[in-house]
Amino acid sequence: MRLVLVSLLIVILLAVAGYLFVRFPEMFLWVQRRTLPPLTTQGEPAPQPSPCATSKTEHRTFEIRLSCPDALPTEDVVLVFDPDRTWSIRIDSAVPSAPDGYFPTPQSVKGIWKEQSGKLDPVNDRSADWIPPNQEGLCTVEFEQTVLYTPLKSESLLNRRLPNLLFRGKGTIRFLVPLHVAEIVDGKVNGFNVGKYPNLYKSRSTTISAERIRAHAKTYLPPTLWYRVDETTKDLVIAWNYRLGEFDLDQRYRPSPYPHYIALDPNILRKLNDLKTRMNADGFSFDKFDILYGFRSPGYNRSEHVKDGETSLKSAFSLHIYGKAADILIDLNRDLVMDDLNGDGKADIQDARVILRYVDELDHRYLLDGSPLVGGAGVYPHHDFWERGDVAQSPYIHVDVRGFANEQGNPIRWIGKNTLARHQQSE
Ligand SMILES: [Ca+2]
Ligand SMILES: [Ca+2]
């Protein structure tokens with residue numbers, strides 16, 4: 001009897017529920033809405049309540065990191081070594097994530113690129129293309145972004161009254177654009193006296209044959225791109241830890257009024273970094289080489305310096321005048337003298353030879369790879385930076401990126417000797 005009554009009750013309840021479902025379906029959908037987030041046709045969360053649903057907006061800032069994948073690694077400024085190409089700028093950082101109590105995806109994300117000069121084309125929401133202007137100098141590209149988060153509805157229901165959150169982010173990247181000089185007139189680059197470049201076809205050089213120069217004419221043509229060195233640019237890190245001013249003539253000992261203009265091949269920076277990385281791997285712990293000479297203008301290069309009967313060590317077709325060479329030492333104790341790399345208690349040409357072994361290894365690898373970083377190298381017992389004084393005389397090594405080997409296919413090498421300085425010049 002009881003069983004019959006219970007069954008009857010269940011049948012009545014089901015009938016009532018069925019009637020309600022058919023008559024008032026929204027009641028059941030309302031339950032469903034309470035439990036599942038609404039979906040759009042793409043399966044994405046539907047737009048959330050508009051920001052005006054809450055009374056306040058809280059402002060926060062965040063940092064945006066921009067990088068240039070084709071540039072030499074630097075934190076300071078991108079050295080534009082090809083002004084005709086398009087430089088891709090990438091956004092490396094993510095938008096800030098939603099704090100607790102906020103819908104996980106932003107209500108809106110808006111970004112805007114700004115260029116000071118040059119031509120900028122946004123590619124997508126993560127990158128843009130920039131073409132340098134015709135004018136030399138420092139150029140800044142900026143990216144600004146706003147990200148709006150709105151509080152979850154459940155938080156409003158709990159009467160917490162969270163404000164909207166508006167994040168504002170900004171990122172900048174700077175480029176150092178060189179001056180383009182198709183032809184150097186009267187030995188001047190924008191008024192800065194560099195002197196005359198030696199004529200490839202009237203070579204009277206004693207250190208390099210006229211045939212070799214003409215066979216590699218591309219290496220020995222006057223540079224067309226010039227970087228301005230002045231108070232605002234000299235300390236900019238242009239690659240790894242190297243500053244632009246380090247490749248200018250030694251301002252401490254041979255000051256001349258700014259601005260200066262220098263030629264600088266990015267390959268010499270790449271080679272110095274390869275050399276450092278290789279030596280670090282063998283236990284030589286240092287961040288960078290000390291640059292004794294980077295760029296030398298042909299006018300300065302040709303000038304005669306005599307000290308104690310010794311003349312200048314420089315050759316007419318020196319790779320320094322093309323920004324393709326560096327005379328370097330390792331000087332961790334900052335006494336301007338090469339450190340004792342071979343541990344024999346003294347600093348002499350043997351310590352330069354320690355570095356030469358690694359240059360040899362690199363150059364042979366570059367030759368196998370057909371790399372333009374292949375070059376010449378020479379070790380010296382002392383430099384001709386006479387102004388640095390006798391105590392600062394130091395052995396050093398010259399490395400360059402001339403881009404070719406000798407006629408036998410070997411990297412070009414030489415040894416500078418005090419007594420032969422007048423006859424055996426550097427390249
Ligand atoms: Ca030292
Ligand atoms: Ca030594």
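In what order do the 3 strands of the open sheet lie, and is their pairing parallel or antiparallel? The first view below takes up this question.

**View 1. The open sheet of 3 strands in the predicted model.** The order is S10-S13-S16, with antiparallel pairing (two strands pair if DSSP finds at least two bridges between them; strands, E, of at least two residues, and helices, H or I, of at least four, are DSSP runs numbered from the N terminus). Strand S10 (179-180) and strand S16 (260-262) are the edge strands, each pairing on one side only. Between S10 and strand S13 (residues 225-229) the antiparallel pairing runs over 2 bridges, and Leu-179 has Trp-226 in S13 as its bridge partner.

View 2. Just after H5, Gly-283 takes a positive phi of about 100°.

**View 3. Confidence along the chain.** The mean pLDDT (the predictor's confidence in each residue, from 0 to 100) is 86, and 81% of residues reach 70 or more. Over residues 25-49 pLDDT stays under 50, as it does over residues 419-426.

**Notes.** Residues are numbered from 1 along each chain as its sequence is written, and chains are lettered from A and ligands numbered from 1 in the order in which they are written. In this predicted model, local features need pLDDT of at least 70 and side-chain atom pairs count only at pLDDT 80 or more, whereas totals for chains, interfaces and linings use all residues.

Key:
Contact = placed C-beta atoms within 7 Å.
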